[in-house]
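Here is a short note for someone opening this structure for the first time. Please read it with the model on screen.

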Amino acid sequence: MNTNRLSPTLTTALNEQMTKEAHASQIYLSYAAWADNLGYGGIANFLFRHAQEERNHMMKILEYILKRGAEVKVVAIPAPPANPKNMQNCFEKVFEHEVDNTNAIYKLVKMSFTEEDWATWNFMQWFVKEQTEEETLALSLLDKIKIAGGKNIDSNSLYSLDRDLQITPDDATLAQDVTAENP
Ligand code: OFO
């Protein structure tokens with residue numbers, strides 16, 4: 001009796017996505033260590049928290065593959081890229097990584113749609129929303145840095161940003177949660 005509810009194609013793609021989430025976690029981890037080394041404890045805290053979030057995403061996919069009766073393949077995680085050049089570059093890179101991951105999520109949504117695997121399609125919707133949130137958050141940080149002078153951001157602004165990011169919530173407000181009274 002076949003108890004595997006995932007196709008071989010989706011099993012491979014989900015396993016790859018699981019590794020991609022682990023890679024995203026390593027990227028946040030390395031940028032956090034970079035920021036901490038420079039003395040920005042608040043920014044590092046924010047990035048460390050996001051490393052954990054990505055690790056949670058990895059676990060969700062791992063659990064999903066198992067719960068659908070398919071095989072999980074844990075493989076090596078690629079090394080993170082080089083350290084950012086400055087704080088603006090750090091958040092530009094964060095935004096680019098998030099967009100790259102969003103595109104990978106969209107591919108999985110499309111694959112599950114094409115296969116008419118509605119369980120996987122439904123599971124992936126959580127990730128679609130999560131990526132929208134993460135892109136929104138990264139964009140809002142880039143906006144803050146731009147207002148504060150972009151790559152010429154001064155130490156006062158960096159001090160404030162560092163203090164703010166220590167307590168910045170992990171989740172951004174999405175457009176669908178906004179009302180006219182509470183924009
Ligand atoms: Fe896994 O959410 Fe970002 O990348």
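1. Overall layout. This is a predicted model. The protein chain has 5 helices and 0 strands, and along the sequence its pattern reads α-α-α-α-α. Taken along the principal axes, the C-alpha atoms fill a box of roughly 65 × 45 × 20 Å.

2. Helix 3 against helix 4. The axes of helix 3 and helix 4 come within 9 Å and cross at roughly 165°. Angles over 145 degrees count as roughly antiparallel, so helix 3 is roughly antiparallel to helix 4. The contact between helix 3 and helix 4 is made up of 20 nonpolar, 7 polar and 4 charged residues. The crossing of this pair, helix 3 and helix 4, is left-handed.

3. Helix 2 against helix 3. How do helix 2 and helix 3 run relative to each other, roughly parallel or roughly antiparallel? Their axes, those of helix 2 and helix 3 (residues 87–115), cross at roughly 15° and come within 13 Å. Angles under 35 degrees count as roughly parallel, and helix 2 and helix 3 are therefore roughly parallel to each other. The crossing of helix 2 past helix 3 is left-handed.

4. Residues between helix 2 and helix 3. On the helix 2 side, the contact involves Ile43, Phe46, Leu47 and Glu54; on the helix 3 side, these meet Met87, Cys90, Phe91, Val94, Glu98 and Asn101. By class, the contact of helix 2 with helix 3 has 7 nonpolar, 1 polar and 2 charged residues.

5. Helix 2 against helix 5. Helix 2 also packs against helix 5 (residues 155–167), at an angle of about 35° and with the axes 6 Å apart. The crossing of helix 2 and helix 5 is left-handed. From helix 2, the contact takes in Gly41, Gly42, Ile43, Asn45, Phe46 and Arg49, while helix 5 brings Leu161, Asp162, Leu165, Gln166 and Ile167. The residues of this contact of helix 2 with helix 5 divide into 5 nonpolar, 4 polar and 2 charged.

6. The cavity. How many cavities of 30 Å³ or more does the structure hold? There is 1, and the space in the largest cavity is about 50 Å³. By class, the lining of the largest cavity has 6 nonpolar, 1 polar and 1 charged residues.

7. The pocket. The volume of the largest pocket is about 150 Å³. Which residues line the largest pocket? They are Pro8, Thr11, Thr12, Asn15, Glu16, Thr19, Lys73 and Val75. The lining of the largest pocket divides into 2 nonpolar, 4 polar and 2 charged residues.

Key
Residues numbered from 1 in each chain as written. Predicted model: local features only at pLDDT ≥ 70, side-chain atom pairs only at ≥ 80, totals over all residues. Heavy atoms only, no water. 1 Å grid on protein atoms, 1.4 Å probe; cavity = no way out; pocket = protein on both sides within 12 Å on 5 of 7 lines; lining within 4 Å. Points joined across faces, edges and corners; volume = space filled by probe spheres on them. Nonpolar A, V, L, I, M, F, W, Y, C, P; charged D, E, K, R; others polar. Axes fitted to C-alpha atoms, helices over the stretch in contact; angles between N-to-C directions. Helix = DSSP H or I, 4+ residues; strand = E, 2+ residues; numbered from the N terminus. Left-handed = near helix turned anticlockwise from the far one by under 90°. Contact = heavy atoms within 4.5 Å. Parallel < 35°, antiparallel > 145°, perpendicular 65-115°, else oblique.
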